[in-house]
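Please look over the structure shown here before reading on.

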Amino acid sequence: MSKRSLAPHINLFDFSAREVAAKTKPGQFVIVRIDEDGERIPLTIANVDTEIGTVAVACHEVGKTTTQLGRLKEGDSILDLLGPLGKPARIEKFGTVICVGGGVMTAPLHFQAKAFRDAGNNVIGIVGATTKDHLIFLDEMGKTCNELYVATDDGTEGYKGIDFLKDLLRERKIDRVVAEGPILMMKAVSDLTRQDGIPTVVDLIPIMVDGMGMCGACRVTVGGKILFACVDGLEFDGHQVDFDELLARLKMYTPQEKLAYVFWEEGEKLR
Amino acid sequence: MEASKAEPRIGVFICRCGFNIGGVVDVPAVAEYAKTLPHVVFAEEGLYTCSSAGLDSIKKEIEKFKLNRVIVASCTPATHEGLFQKTCEEAGLNKYLFEMANIREQCSWVHMRLPAEATEKAKDLIRMAAAKASYLEPQTETELDITPSALVIGGGITGITATLSLARQGFQVHLVEKEARLGGMLKHLYKLQPTEREAAEILREAIAAVKANSNICLHTSTHVTQVSGFIGNFNATLQSNNSSQAERIKAGTIIVATGAEEFKPTGLYGYKENQNVVTQLDLEQLLRNGNLKKPEKVVMIQCVGARERTGRTYCSRICCQVALNNAFQLKKLYPNTDVTILFRDIQTYGENEHFYKEARDNFVNFIRYDPNRPPKVTTGPDGNLLVTVYDTYLGAEIELESNLVVLSTPLVQHEDGKKLSSVLKVPLGADGFFFEVHPKLRPVEFASEGIYVCGTAHGPKDVVESVSQAYAAASKASIPMAAGKIKAGAVKASVNTEICVNCDACVVSCAFNAIEASPFGLPRVIEANCKGCGVCASECPMGAMQLKQFKDDQIIAAIEALFKTGEHKDAKGDFKPVILCFACQWCSYAAADLAGVSRIQYPPNVRVLRVPCSGRVDVLHVLKAFQSGADGVVITGCLIGDCHYIDGNVKAKERVDVMKKSMESLGIDQKRLEIGFASSSEGQKFATMMTDFVKQIEKLGPRPSRPKPRSEKLVHDSVKT
């Protein structure tokens, strides 16, 4: 494994996994486990190198497992990496495609943006984060996209918030919007494109266990139907997703997650 | 110089409270001990610290010793904390740099026969207070302006009454009614008891008064579709049915008076299948419009779709009196008509009881039915109805012929009410009606400040009760509007965006809509909405969210200070557990106080640390207590359902449950952690909980110095690549 810091507590990892790399398409994900006792966490694939056989994932340290991952050193290895899982994103020549990436998810979004460009689309990129220091993949997105816009919640860089997208949608003819990032960002983007009927897809990565459609932990409600993100997604129609339910389900295990983190960080002192 | 940055200089004032503390606790020894604590530069005992001489002494010593933290060790903060804080402010010390140690209710009064142990405990409590005080920070309180206008939602008699009450006090009122005409349920009613005035007449007068008042802006055929903001500064979007353009208005307060609707018992007793089966409301409309053909025999069935085992479990309160009133009106119109009421229990409280007696004596037959064998309504070949009922008094089945069956059904919440609940982000109870913050003490208020509820939106009520509640809600709403400003306390959540990982756990956990998330995940605390429970801080995985005055470092300092002495043995060398109790500042702390006031004795092993809500207790705090050497940790909160922050205690319980499952892996017996709930009147219960917990810990014995080996590894059955 090799590792590169993208922003405070956000790292990009390259794992050697030749077979996985060979089969991966943009929009798919892997499930990793650090050790025998480890939690299984889904991470969307941010890039592959089929020649040297590596799979890249970006990870934000938000709890026990992600922090543990973040503390691994160059050359360390993890127990296993399962994938590629999920359906590939729909990449076609649509015309003009807006790719909106928020926070750590900008990295896997870039993988899709490249594919859209290679398919002959005019790609408009939007990179967003809470604040200037947390913006990632600006250079990569700048090189890949025909145009690039930057936004932050606090306005420390680029536009403040996501509302500027409204003007962009009004001024230009947009054929498709792809959003990958925090739930509220994907919801806001979908709300903005809904009235103009611009096809909008979002990549959902809820709590998962097996990642192969067996357990149902990752269920999402899309257009009133219950679907599994792991096998029916990650890509879904943003205008149909029940984002409020998704957010509530994502926070279902907040006490357990905090406990795992605190016990891991502090529990050693008791042993 | 800013107090938070300067080296802490703590002054400790220990009160004898006459004989109350001094008679048990060795106060001079405690004062000498306090002087040895880190950062304590002054400690002194006083006879009554709350006396003017005592307060003068605090002011004098602040000046003389340049104190930048003050601790008073005396009684419960519930009585004198405000007084001591004010005294500090008068001496130029920010009131948030004051801390209290309760050595009366939690010490001398509950360990009256154990002076040595009480003295030890007093020292511990002061050591905890001093450790926390070192980490206190000065705070500023903000003042908010209140827009002197109200939004009243619902134009029935309740909403109209609240509107008129506020408008006549000189406030601007936006009255929003979803229908084209004002009046709500009263539009459909006939004559109201006890005066027998026609509902239409009452309405006519009320509507005329609304139209004549220039302070009222009436919006009919309109829905409230969006509300943002907070007390004093709400922004509401009003959508009229007649216009595509929405109107935006500002309001300082909001009153919910959206009423309720009658449950339509489709499929029960032939309703909707036979036109001679109607509800009480249908009957009133027939009476009101003069459309009722004379029925020879009328049977009314009570509790149709109410008091069920699940779902509508509640009693709708008004149906018995409505049935009686309608029976009375029928008899007036057609004296020869027979009226029979089939009931489960007649609930005619107050004055209505006389009415029931009169009906029973004079003109109505009553038959008590068994809900397990409900009446049956069938249609005979002649189209007449046949009601079969098992009379519980006779113990036999009776058949009644009838031309008209009237079903008494409950009031229920309507769809628009449910929608409004999510627009305003105020809760509905299990019965579907709007849920007030406290059933006894704050019956017309929501937990979200500046939003009030009245009338049948809050639950079934008659007109008199609805109107009284309307006055109550209007009166409550007028308080902040008349003051023009409110002062907000400084105990609020605040987020360190540097370490925030934008997970939205705080946003989801907040019961008051006080944390707003931005699209990319940056949370923002809306201080005006924050109630200071600290639930968000305990949910935050990173410690980025903190509650001022109850920050992690402040709480942990107190915890670590408690266990600093490491003494868990008594004079004879026997095990003497030291137990930490996190008590929420509302009911459970008050219960501990009551145990003190009532002189209920319990073992002296427990040290209470006050937190705003049991929901503020973080897994980190519990773990720190065990790390520092706690023999046991107990968390106490308000009774489930009575939390002052809606459900902080439920969240605390969830956390304890998950901790119990995991703590054995750290070598700590899960019986060393408990959670209990007590109301402020349950002093005995608090004492019993503590006694039982101490016994439980004594039975477990000291914590093993070498923890048990870790439980066996989980077997994974997952698929490997």
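The points below treat the interface between two chains, then two residues of one chain, and then a selection of salt bridges.

This is a predicted model, and the values that follow are computed from it. Chain B and chain A bury about 3900 Å² between them, and the structure holds 52 salt bridges over all chains.

**The interface of chain B and chain A**

- The contact draws on 45 residues from chain B and 44 residues from chain A, and 67% of the buried area of about 3900 Å² is on carbon and sulfur atoms.
- One salt bridge is found across the interface of chain B and chain A, and in it the side chains of K258(A) and D618(B) meet with N to O at 2.5 Å.
- Eight residue pairs across this interface are in polar contact, both residues being at pLDDT 80 or more.
- On the side of chain B that touches chain A, at least two residues each are supplied by α14 (505-509), α15 (535-539), α18 (619-628) and α19 (648-663) of chain B.
- The residues on that side of chain B divide into 25 nonpolar, ten polar and ten charged.

- T237(B) belongs to strand β12 (residues 233-240) of chain B, and T237(B) counts as buried because its relative accessible area of 8% is under 20%.
- Not counting residues up to four places away in sequence, T237(B) touches several residues, including H223(B), V224(B), T225(B) and R248(B).
- S316(B) is placed in the loop between β17 (297-301) and α10 (319-333) of chain B, and S316(B) is buried, with a relative accessible area of 2%.
- A polar atom of the side chain of S316(B) lies 2.9 Å from the backbone nitrogen of L411(B), and, leaving aside neighbours within four places in sequence, S316(B) is in contact with P410(B), L411(B) and P460(B).

**Salt bridges within the chains**

- In chain A, the side chains of E92(A) and R90(A) meet in a salt bridge at 2.8 Å, N to O; E92(A) is partly exposed at 35% relative accessible area, and R90(A) is partly exposed at 43%.
- In chain B, E179(B) and K187(B) form a salt bridge at 2.6 Å, N to O, in which E179(B) is partly exposed at 34% relative accessibility, whereas K187(B) is buried at 10%.
- D361(B) and K357(B) form a salt bridge with their closest N and O atoms 3.4 Å apart; both lie in helix α11 (residues 352-362) of chain B, four residues apart, about one turn of the helix, and both are exposed.
- K59(B), K86(B) and E90(B) are joined into one network by salt bridges that share partners.

Conventions:
Residues numbered from 1 in each chain as written. Chains lettered and ligands numbered in written order. Predicted model: local features only at pLDDT ≥ 70, side-chain atom pairs only at ≥ 80, totals over all residues. Heavy atoms only, no water. Contact = heavy atoms within 4.5 Å. Buried area = accessible area lost by both parts, 1.4 Å probe. Salt bridge = Lys/Arg side-chain N within 4 Å of Asp/Glu carboxyl O. Polar contact = N/O pair within 3.5 Å; in protein donor to acceptor, adjacent residues only side chain to side chain. Nonpolar A, V, L, I, M, F, W, Y, C, P; charged D, E, K, R; others polar. Buried < 20%, exposed > 50% of the residue type's maximum accessible area, 1.4 Å probe, protein only.
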